Amino acid sequence: MSLKLFMETYLNMRWEISFQIINFNIISHRGCLEGPNNKQENAPWQIRKALNLGFEVEIDLWYTDNKLSLGHDSPTYTITEDFLTDKMWIHCKNYEAVEYMSGTNLNWFWHDLDKMTLTSQGKIWCFPDVYIDGGITVQLGKPRRINKNILGVCTDYPLEWNKYMELT
């Protein structure tokens, strides 16, 4: 291989890697930062902490009795609409939450056992270990190489994923 061809190949690889890192989203799963934590998941203060560190956050939203609430299995933390931002991936947990969110410009979705779904902003949201080019995959484990051109991961370990991506 000539030096010129080697340099062109190297520069193209560097550009592709840089492009992928710049466009790779690391989303905090329910506000978690360093692994699963049932006491902190979906807690408003934990979500704010993840947002303040620069991460987008997937949250679980309920709408019951004319109130917005966060919580995975049931409404746990009451919030106001002002709490919701464009840095959140809002997982509607009941039909009433879908109806409520459909009147907003925020990024929300609903799914049950589907392998993937589309968010209100046309993004592909994938179940754990389902990889679709251009999609966000829920990847609850620690960082590892993914051989697909995905848009990003939703993870309980966003701090570790961030370090991993900096080294890649």
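A residue is called buried here when its relative accessible area is under 20%, exposed when over 50%, and partly exposed in between (1.4 Å probe, protein chains only). The structure is a predicted model, in which local features need pLDDT of at least 70 and side-chain atom pairs count only at pLDDT 80 or more, while totals for chains, interfaces and linings use all residues. Residues are numbered from 1 along each chain as its sequence is written, and side-chain values use heavy atoms, with hydrogens and water left out.

To start with the aromatics, Phe24 and Trp161 are both buried. Rings of Phe, Tyr and Trp (its six-membered ring) count as a pair if their centres lie within 6.5 Å; planes under 30 degrees apart make the pair stacked, over 60 edge-to-face, and the rest tilted. Searching the whole structure on that basis turns up seven aromatic pairs. One of them joins Phe24 and Trp161, stacked at 6.2 Å centre to centre with 20° between the planes. Phe24 sits in the loop between helix H1 (3–22) and strand S1 (25–29), and Trp161 sits in helix H4 (residues 158–167), so this pair ties together parts that are 137 residues apart in sequence. Helices (H or I, at least four residues) and strands (E, at least two) are DSSP runs, numbered from the N terminus. Phe24 and Trp161 also belong to one aromatic cluster with Tyr164.

Another pair, Tyr95 with Trp110, is tilted, at 5.8 Å centre to centre and 35° between the planes. Tyr95 is in helix H3 (residues 95–101) and Trp110 in the loop between strand S6 (108–109) and strand S7 (116–118), 15 residues apart. Tyr95 counts as exposed because its relative accessibility is 61%, and Trp110, at 31%, counts as partly exposed.

Next comes the nonpolar packing. A nonpolar core is taken as a set of buried Ala, Val, Leu, Ile, Met, Phe, Trp, Tyr and Cys residues joined through side-chain atoms within 4.5 Å. The largest such core has 31 residues, and those with the most contacts inside it are Ile59, Leu61, Leu70, Leu84, Ile90 and Met101. Two or more residues come from each of helix H2 (44–52), strands S2 (56–64), S3 (67–70), S4 (77–79) and S5 (88–92), and from H3 and H4. S2 gives the most, with four residues. Leaving aside residues up to four places away in sequence, Leu84 touches Ile59, Leu61, Leu68, Ile79, Ile90, Met101 and Leu106, where contact means heavy atoms within 4.5 Å. A second, separate core has seven residues, including Trp89, Phe109, Ile136 and Val138.

Two residues of that second core, Ile136 and Val138, lie on one side of strand S9 (residues 135–138), with Gly135 and Thr137 on the other; all four are buried, and both faces of the strand are covered. Strands are said to pair if DSSP finds at least two bridges between them. S9 pairs in the parallel sense with strand S8 (residues 124–126) over three bridges, with Gly135 as the bridge partner of Ile124. Three bridges also join S9 to strand S10 (residues 152–155), again running parallel, and Ile136 stands opposite Gly152 there.

Back in H2, the buried residues are Pro44, Gln46, Ile47 and Ala50. Seen down the helix axis, they fall within an arc of 160° (taken from the directions from the axis to the C-beta atoms), so they line one face of H2. These buried residues pack against S1, S2, S3, S4 and S5, whereas Trp45 and Asn52 on the other side of H2 are exposed. Gly54 follows H2 and has a positive phi, near 95°.
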